[in-house]
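Here is my note on the model. Please read the points alongside the sequence and the coordinates.

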Amino acid sequence: MGVLMALGWLLLTLLKLAGVLFLILFVLLALVLLCPLCADVCWEGGVLTVRAGALGLTLPVFRWPAPEKPAGAEEPKGFWGKLKAKLRARREERKRKKAAAKEARRPKKETAPRGKAKLTLNILVTILRGAGRLTKAVFGSLRVTKIRVCLGVRGEDPAEAARAYGRLNAWLYPSLGVIDRFVYLDFDELRILPDFGSAEPTVADRVSFRLSARLLFIVAAALRVLYEFWREKVLDVFL
């Protein structure tokens, strides 16, 4: 009787722990889906930097061109350097031999080629409808904010700079109007300045913005599209 009570208590404790872990994972998943993810993009001085994060807190993840590595960051030489190189080479050789032995032990099954489903008009319409729904969800959840644009328009002479300035304004503002119908845009600064005939640029070119989105709407649309593809047997065409 005591053993059964101990087993029951142990089983109840394990179930409670599993429930707590499941609740924590569910809360974390909800936070990821509901909290807006964001990325700060900045181009200045010929350098592109991208910082990504959530809730307005971002960390650097990409830079182009990449910063040059310091000359002193070479592999240490001497006894310890050679020892580390030998250990690293042995570890890589051991991994390679294990992978080759595992591949050799794997039984090779000869299976007949599986026939794929044919692409019909109904399947094509389903693919296009799903792609449109997913594209609408992605663009509907995107927010482009904190847009700061400062560009100088230059030319070989003042007349060419003036013509380039007029052409840029002619297509820039209509294009922004079209994009604003599909993606939310919020400008903090938009300055397009002519730079007439100066030997050195007087306008520092800079473009920066924050791209944010909530994954909940995108994931929901993707699951709906996948379910429709499965129901209409669209996946059989590609698998």
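1. Burial. Of the 239 residues in the protein chain, 19% count as buried. Buried means under 20% relative accessible area, exposed means over 50%, and partly exposed lies in between (1.4 Å probe, protein chains only). The model is predicted: local features need pLDDT of at least 70, side-chain atom pairs count only at pLDDT 80 or more, and totals for chains, interfaces and linings use all residues. Residues are numbered from 1 along each chain as its sequence is written, and side-chain values use heavy atoms, with hydrogens and water left out.

2. Layout. The protein chain holds 6 helices and 6 strands. Helices (H or I, at least four residues) and strands (E, at least two) are DSSP runs, numbered from the N terminus. Their order from the N terminus is α-β-β-β-α-α-β-α-β-β-α-α. Among contacts with a separation of 6 or more, 69% come from residues 24 or more positions apart. Contact means heavy atoms within 4.5 Å.

3. The α3–α5 pair. Helix α3 (residues 121–141) packs on helix α5 (residues 215–231) at about 175°, and their axes are 9 Å apart. Axes are lines fitted to C-alpha atoms, for helices over the stretch in contact, and angles run from 0 to 180 degrees between N-to-C directions. The two helices are therefore roughly antiparallel. The cut-offs: under 35 degrees is roughly parallel, over 145 roughly antiparallel, 65 to 115 roughly perpendicular, and the rest oblique.

4. What makes the contact. From α3 come Thr126, Ile127, Arg129, Gly130, Arg133, Leu134, Ala137, Val138 and Ser141. From α5 come Phe217, Ile218, Ala221, Ala222, Arg224, Val225, Glu228 and Phe229. The contact residues split into 10 nonpolar, 3 polar and 4 charged. Here Ala, Val, Leu, Ile, Met, Phe, Trp, Tyr, Cys and Pro count as nonpolar, Asp, Glu, Lys and Arg as charged, and the others, Gly among them, as polar.

5. Helix α3. Its 21 residues reach 30 Å from first C-alpha to last, close to the 30 Å expected at 1.5 Å a residue. The expected span is 1.5 Å times one less than the number of residues. Ile123, Thr126, Gly130, Ala137 and Ser141 are the buried residues of α3. Seen down the axis of α3, they fall within an arc of 60°, so they line one face. The arc is that of the directions from the helix axis to the C-beta atoms. Turned away from the buried side of α3 are the exposed residues Leu121, Leu128 and Lys136.

6. Helix α5. Its 17 residues should span 24 Å at 1.5 Å a residue, and the end C-alpha atoms are 24 Å apart, which agrees. Ile218, Ala221, Val225, Glu228 and Phe229 are the buried residues of α5. Down the axis of α5 they fall within an arc of 100°, so they too line one face. The face of α5 turned away from its buried side carries exposed Leu223, Arg224 and Trp230.

7. Backbone points to check. The Trp64 to Pro65 peptide bond is cis, with omega near -5°. Pro65 sits in the loop between β3 (57–64) and α2 (78–105). Lys146, in strand β4 (residues 143–153), has phi near 50°, positive in a residue other than glycine.

8. Thr145 and Lys146. At 45% relative accessibility, Lys146 counts as partly exposed. Thr145 lies in strand β4 and, at 18% relative accessibility, counts as buried. Not counting residues up to four places away in sequence, Thr145 touches Tyr184, Asp186, Phe209 and Arg210.
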